[in-house]
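Hello,

Here is the structure I promised to hand over. Please open it first, then read the notes below.

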Amino acid sequence: MLVKERVGEGTRFSNNEFELDFSTSESELIVHMIDLLSSNQDIYPVIDFENNEFSYPSLLEIGDTSEILGILEKLASEKFSIIKRVIHERIPVCPDHPQYLAAVLRLYCPSCFSSDIKKLHLIEHRSCGYIEESDHRLIPKKCKYCNKTIQDPITEIRKIGRWYHCNKCKSKFDKCEFKLHCIKYDHDFDISQSIIIDIPAYRLRSCGRLSPFYTVALMTKLKTMLESSGLKVNTSFKLKSETEHRGLLYVFNSDKSSAIVDILNSEDEIGDEQVSSTIVKALHLSPNITIFVGIGNISKKAQIMAENHRISVVTEDTFEKISSAVVRIIASAFGVNSHGGESGE
Ligand SMILES: [Zn+2]
Ligand SMILES: [Zn+2]
Ligand SMILES: [Zn+2]
């Protein structure tokens, strides 16, 4: 089949219509992130207090944490607004050494500031009414007054009060003095002085699929997969309106057969008008295979119309499912295997 017109090169994360300035390595990270998020997998941090760091394990293979965080923050910013930043953990850290995440709570006697304190309970044996003081860890096995064995402390013993006892100055008190302890530099600080560090998790916004990023990331993933099968791919992207944009992949095999993958992302229902535009492209470019990828709701009528024009319709909802469906259709039509190279028959 003759190639009548070449489609414009380049679906990097910047072109005239879609200026976003990301480097190639950033673009790869973004594709991977949106790929994960598209299948409803949130990006969660894991905090490692011992090594004083947090990371995003699902993204660790493809970049370091500071680079990943920088991009996630950009994508969550008002300008891009494709993903949502949620607070996963709030950690109080030392005001003098906020770079260290690990701080522990310490309890002190309010009179002499000793940490040598213990917690005491006032307990009552319900059946006889005898009241005694007890270390909170040691529930008596027998009542000292009526001498009955205590079988089930939860039902037989009632806790009627509690306080602390200082082993150093012997004072008793209801409330201890709380301090946070900076483990790295071995000093205490007031809780009110601590700096709060937010550790975020990220998820796709409900409207994230309408972001041009989403489609561009999908196109990038498809291009990479098809190229790894030995095919040549040109791409173009068009923002039609705030609620609609289209991406086109033009795929060539070494024997000059070709395919187009027309991706439409729309907030409104995808109807025959949008499918007509794919039919026009197919007439114009004369590929051997035409695939229409509809992200959003596609009407039954539009689906039938596409099928009548021998257009394969893909309406899956995650990157993984969309890309494997598209690659499967093209690979089987071109006789190439989907992991690279032509099948040797
Ligand atoms: Zn400190
Ligand atoms: Zn004391
Ligand atoms: Zn008793």
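This is a predicted model: local features need pLDDT of at least 70, side-chain atom pairs count only at pLDDT 80 or more; totals for chains, interfaces and linings use all residues.

First, a term: strands here are DSSP runs marked E of at least two residues, numbered from the N terminus. Two of them pair if DSSP finds at least two bridges between them. With that in hand, strand 14 and strand 15 form a hairpin, with two residues between them. Strand 14 covers residues 232–241 and strand 15 covers residues 244–252. Their pairing is antiparallel and runs over nine bridges.

Domains

The protein is divided into three parts: domain 1 (1–20 + 206–345), domain 2 (22–79 + 83–99 + 187–204) and domain 3 (110–175). The contact between domain 1 and domain 2 takes twelve residues from domain 1 and ten residues from domain 2. On the domain 1 side, helix 4 and helix 7 (319–334) are the elements that give two or more residues. Helix 4 gives the most there, with five residues. By type, the domain 1 side divides into six nonpolar, three polar and three charged residues.

Cores

The largest nonpolar core has 59 residues. Those with the most contacts inside it are Ile30, Met33, Leu249, Val251, Val261, Val293 and Val326. Helix 4 (residues 212–228) gives the most to this core, with nine residues.

Take Met33 as an example. Leaving aside neighbours within four places in sequence, Met33 is in contact with Ile43, Leu59 and Leu72. There is also a second, separate core of five residues. Its members include Cys94, Ala103, Cys182 and Phe189.

One open sheet has three strands, in the order 6-11-12, with antiparallel pairing. Strand 6 (103–108) and strand 12 (187–189) stand at its edges. Each has a single partner strand, so one side of each is left without a neighbour in the sheet. Neighbouring strands of this sheet are turned by 40 degrees against each other on average, direction ignored. Six bridges join strand 6 to strand 11 (residues 177–182). In this pair, Leu107 stands opposite Phe178 of strand 11.

Another open sheet has four strands, in the order 8-7-9-10, and its pairing is antiparallel. Which strands stand at the edges? They are strand 8 (131–135) and strand 10. Each has a single partner strand, so one side of each lacks a neighbour in the sheet. Strand 7 (residues 117–125) and strand 8 run antiparallel and are joined by five bridges. Leu122 has Glu133 in strand 8 as its bridge partner.

Single residues to look at

- Lys170 sits in the loop between strand 9 (157–166) and strand 10 (172–173). Its phi is near 65 degrees, a positive value in a residue other than glycine. Lys170 has 10 C-beta neighbours inside 10 Å, so it counts as exposed; the cut-off for that is 12 or fewer.
- Ser286 sits in the loop between helix 5 (272–285) and strand 17 (289–295). Its phi is near 45 degrees, again a positive value in a residue other than glycine. Is Ser286 buried, partly exposed or exposed? Ser286 counts as partly exposed, because it has 15 C-beta neighbours inside 10 Å.

Then two residues from the region around strand 13.

- Ile195 lies in strand 13. Ile195 is partly exposed, with 13 other C-beta atoms within 10 Å. Not counting residues up to four places away in sequence, Ile195 touches Val93, Pro95 and Pro98. Ile195 and Asp96 are 99 residues apart in sequence, and their C-alpha atoms are 9.1 Å apart in space.
- Cys207 lies in the loop between strand 13 (195–204) and helix 4. Cys207 has 13 C-beta neighbours inside 10 Å, so it counts as partly exposed. The C-alpha atoms of Cys207 and Leu29 are separated by 21 Å, and the two residues are 178 apart along the chain.

Best wishes

Technical notes
Residues are numbered from 1 along each chain as its sequence is written. Chains are lettered from A and ligands numbered from 1 in the order in which they are written. Axes are lines fitted to C-alpha atoms, for helices over the stretch in contact, and angles run from 0 to 180 degrees between N-to-C directions. A nonpolar core is a set of buried Ala, Val, Leu, Ile, Met, Phe, Trp, Tyr and Cys residues joined through C-beta atoms within 7 Å. A residue is buried if 20 or more other C-beta atoms lie within 10 Å of its own, exposed if 12 or fewer, and partly exposed in between; C-beta atoms are placed from the backbone. Two residues are in contact if their C-beta atoms, placed from the backbone, lie within 7 Å. Domain bounds come from an automatic or database domain assignment. Ala, Val, Leu, Ile, Met, Phe, Trp, Tyr, Cys and Pro count as nonpolar, Asp, Glu, Lys and Arg as charged, and the others, Gly among them, as polar.
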